Amino acid sequence: MAASTPVAPAGGPAGKPPAPGAHDAGAPPRRRALLHRLDVRGAPYAFVAPFFVVFAAFSFYPLVYTSWISLHRVELATMNVMEWVAFDNYVALWEDERFWNAVGNTITLGVISTVPQLLMALGLAHLLNYRMRGSTFFRVAALTPYATSVGAAALVFTMLFERDFGMINWMLGLFGFDNVDFENNKWAAQIAISTIVIWRWTGYNALLYLAAMQAVPRERYEAAAIDGASRWQQFLTVTVPGIRSTIVFTIVLSTIGATQLFGEPLIFGQGPNGITGGADNQYQTLGLLLYEEGWKNYQMGRAATVAWVMFLLLVLVLVVQRLIRRAASRRSGPTRSIAS
Amino acid sequence: MTTDSLPVRAEHGPGAVQESPGRARRRPMMRMRAGRQHHAGPLAYVLLALAALTSLFPLYWTMVAASTDNTRVTQTPPPLLPGPNLFENLARAWDEAAMGKAMINSLIVAGCIALATVLFATLAGFAFAKLRFKARNVLLMLVIGTMMVPPQLSVVPLFMMMSDLGWGQKLPAVIFPTLVSAVGVFFMRQYLTEALPDELVEAGRVDGAHSLRIFWSIVLPIARPAMSVLFMITFVHAWNDFFWPFIALDMSNPTVPVALTQLSAGYIRDQSLIMAGALLGTLPLLAMFVVFGRQIVGGIMQGAVKG
């Protein structure tokens with residue numbers, strides 16, 4: 001490297017003495033100083049570059065390109081032929097009953113899978129936070145569903161929720177209830193699907209809450225106890241505010257997950273019916289609609305439109321959540337700064 | 001307790017605690033004594049036992065169903081104890097449902113993704129934790145911001161891109177888009193901020209080592225425990241990833257979750273075969289949890305947002 005370029009003329013005894021063990025001890029001092037500066041300045045960027053390069057190539061660029069495709073008619077078999085149709089895809093989607101049905105299903109499924117999940121995770125984290133025997137076992141057990149793939153979890157729950165021989169109906173039968181048709185009844189199907197989501201993610205969220213709870217300074221509990229707060233009041237006035245930013249973080253992540261719901265309803269619908277989300281689209285989500293448009297109806301432009309609308313919907317929901325949080329924190333007086 | 005799988009925290013020198021942007025406020029010493037105020041009462045044990053039962057029962061039942069035959073599984077009341085056909089069903093799932101090929105594919109995909117994620121996350125995490133550069137805070141916020149972009153939204157152009165590259169239905173199509181992870185970068189940064197003393201990096205500089213050399217001989221040995229936890233967590237995610245592999249791959253060359261959809265789509269539904277496939281696809285991760293569960297739990301809590 002040093003030989004290929006002219007040596008800097010002013011290097012010499014005036015420069016710093018070479019450091020012991022320098023990797024390029026042969027180069028003149030000034031040149032080495034330059035290399036050193038280059039290294040100190042440039043290396044950080046080089047180290048973070050792989051992340052940004054891959055993200056730009058496989059996430060950011062496709063996301064932007066999605067909006068461009070959504071303005072075209074593109075068929076799966078001839079993907080290089082793009083016919084400009086302006087906003088036709090959006091208009092068609094707006095007038096499509098299935099789209100509004102999917103929006104509704106995505107929202108209801110999102111709510112009934114996220115809200116109980118996070119509340120249960122909060123309770124579970126509180127329990128795990130006790131000093132006790134076997135805490136490692138309980139933590140690992142709570143996390144085990146997270147190790148189960150959507151595929152396997154959905155298959156097992158589909159069977160547990162089976163109309164004729166499923167275990168859930170058997171247990172309902174013990175209490176004198178009739179068998180529920182979890183597949184064809186809209187709300188029963190949505191409850192079954194959200195059960196899969198709740199089962200897989202509650203333990204994971206509980207561990208995030210637990211980690212945050214352990215960082216809440218003990219003095220705050222002692223102060224609350226001196227003020228005569230009961231344990232439940234301590235939970236509400238010390239624990240929950242103390243882990244506030246973690247709660248916000250999990251709400252945001254679960255919301256993102258909920259808008260993308262795909263595998264659970266697909267597999268719950270058992271193959272052929274899965275893409276349409278049941279015989280009457282009773283649990284078709286936007287994710288399933290995207291797939292149906294693109295890979296069943298071969299309309300990639302329409303699929304891109306659905307994807308872009310999903311993104312807008314997600315942004316909208318997050319903004320609304322943020323406004324609610326802001327309003328809530330204004331009402332409850334000055335609080336510590338909230339991240340995100 | 002949860003961090004004891006990770007090495008002893010290095011002492012912080014003066015100025016070692018850096019002002020971190022966003023929500024990453026750390027109170028390392030506090031965590032040891034804060035929080036756990038009460039002993040668990042009987043009710044807490046009962047509730048926790050119920051939670052553990054709920055978590056584990058579906059997996060247990062997968063095993064029960066996979067070890068009987070179709071007629072017994074579909075009886076009422078359903079069987080609760082394992083039957084004699086476990087290995088026969090597993091072997092059938094391995095052959096008939098192409099689970100063998102799927103498992104090898106998943107091993108390759110999850111292995112590559114986990115290795116690359118760990119390497120790139122450690123590099124970036126080190127830079128964000130210990131190196132000074134102008135755009136550091138902006139870029140870190142950008143990394144955190146990328147968590148808000150769900151990868152599912154990019155599938156249409158990604159699908160076109162992969163077929164242009166000639167990777168349609170091939171494993172690189174599912175490996176490349178997932179080579180990096182924002183959560184991983186954040187996780188390694190958190191860890192190295194605490195575990196890597198500034199003095200060591202400074203000492204390396206004084207000795208004239210260049211940045212890559214410092215990374216190789218100083219950062220890597222210290223980061224190793226966190227790297228192995230990140231490897232396992234990423235492996236779990238990559239093994240279970242569904243939406244994009246389902247689109248990018250087909251049944252001739254599936255990963256495990258993709259192959260599992262095929263199992264449920266058959267016209268003749270052999271329930272114990274389906275459950276055997278589900279069990280087979282979950283076993284590697286379950287084994288990992290049995291051996292390293294404590295470390296994975298510790299890792300997830302370590303990477304959590306605090307405060």
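Reader: Which share of the contacts in chain B with a separation of 6 or more comes from residues 24 or more positions apart?

Author: A contact means two C-beta atoms, placed from the backbone, within 7 Å. In chain B, residues 24 or more positions apart account for 80% of the contacts with a separation of 6 or more. For chain A, the share is 64%. This is a predicted model, where local features need pLDDT of at least 70, side-chain atom pairs count only at pLDDT 80 or more, and totals for chains, interfaces and linings use all residues. Residues are numbered from 1 along each chain as its sequence is written, while chains are lettered from A and ligands numbered from 1 in the order in which they are written.

Reader: How many helices and strands does chain B have?

Author: Elements are DSSP runs numbered from the N terminus: helices (H or I, at least four residues) and strands (E, at least two). Chain B has 14 helices and 0 strands. Its elements therefore read α-α-α-α-α-α-α-α-α-α-α-α-α-α from the N terminus. Chain A holds 13 helices and 2 strands.

Reader: What percentage of chain A is buried?

Author: Count neighbours: 20 or more other C-beta atoms within 10 Å is buried, 12 or fewer exposed, in between partly exposed. Buried residues make up 43% of the 340 residues in chain A. In chain B, they make up 46% of 307.

Reader: Is N89(A) buried or exposed?

Author: N89(A) is buried, because 25 other C-beta atoms lie within 10 Å. N89(A) sits in helix α2 (residues 88-94) of chain A. Leaving out residues up to four places away in sequence, N89(A) touches S70(A), G301(A), R302(A) and T305(A).

Reader: How is chain A divided into domains?

Author: The bounds come from an automatic or database domain assignment. Domain 1 of chain A covers 29-69, and domain 2 covers 90-331. Their C-alpha centres lie 36 Å apart.

Reader: How many residues of chain A are in contact with chain B?

Author: On chain A, 89 residues are in contact with 96 residues of chain B. Helix α1 (residues 29-69) of chain A gives the largest share of the chain A side, 17 residues. That side divides into 65 nonpolar, 20 polar and 4 charged residues. Nonpolar means Ala, Val, Leu, Ile, Met, Phe, Trp, Tyr, Cys and Pro; charged means Asp, Glu, Lys and Arg; the others, Gly among them, are polar.

Reader: At what angle do helix α4 of chain A and helix α14 of chain B pack?

Author: Angles run from 0 to 180 degrees between N-to-C directions, with axes fitted to C-alpha atoms, for helices over the stretch in contact. Helix α4 (residues 135-143) of chain A and helix α14 (residues 271-302) of chain B pack at about 100°, their axes 9 Å apart. So α4(A) is roughly perpendicular to α14(B). The cut-offs: under 35 degrees roughly parallel, over 145 roughly antiparallel, 65 to 115 roughly perpendicular, the rest oblique.

Reader: Which residues meet there, between α4(A) and α14(B)?

Author: From α4(A) come T136(A), R139(A), V140(A) and L143(A). They meet F289(B), G293(B), R294(B), I296(B) and V297(B) in α14(B). The contact divides into 5 nonpolar, 2 polar and 2 charged residues.

Reader: Where do the axes of α5 and α7 of chain A stand?

Author: The axes of helix α5 (residues 150-160) and helix α7 (residues 186-213) of chain A come within 10 Å and cross at roughly 135°. These two helices, α5(A) and α7(A), are therefore oblique to each other. A153(A), A154(A) and F157(A) in α5(A) meet A192(A), T195(A), I196(A), W199(A) and R200(A) in α7(A). This contact has 6 nonpolar, 1 polar and 1 charged residue.
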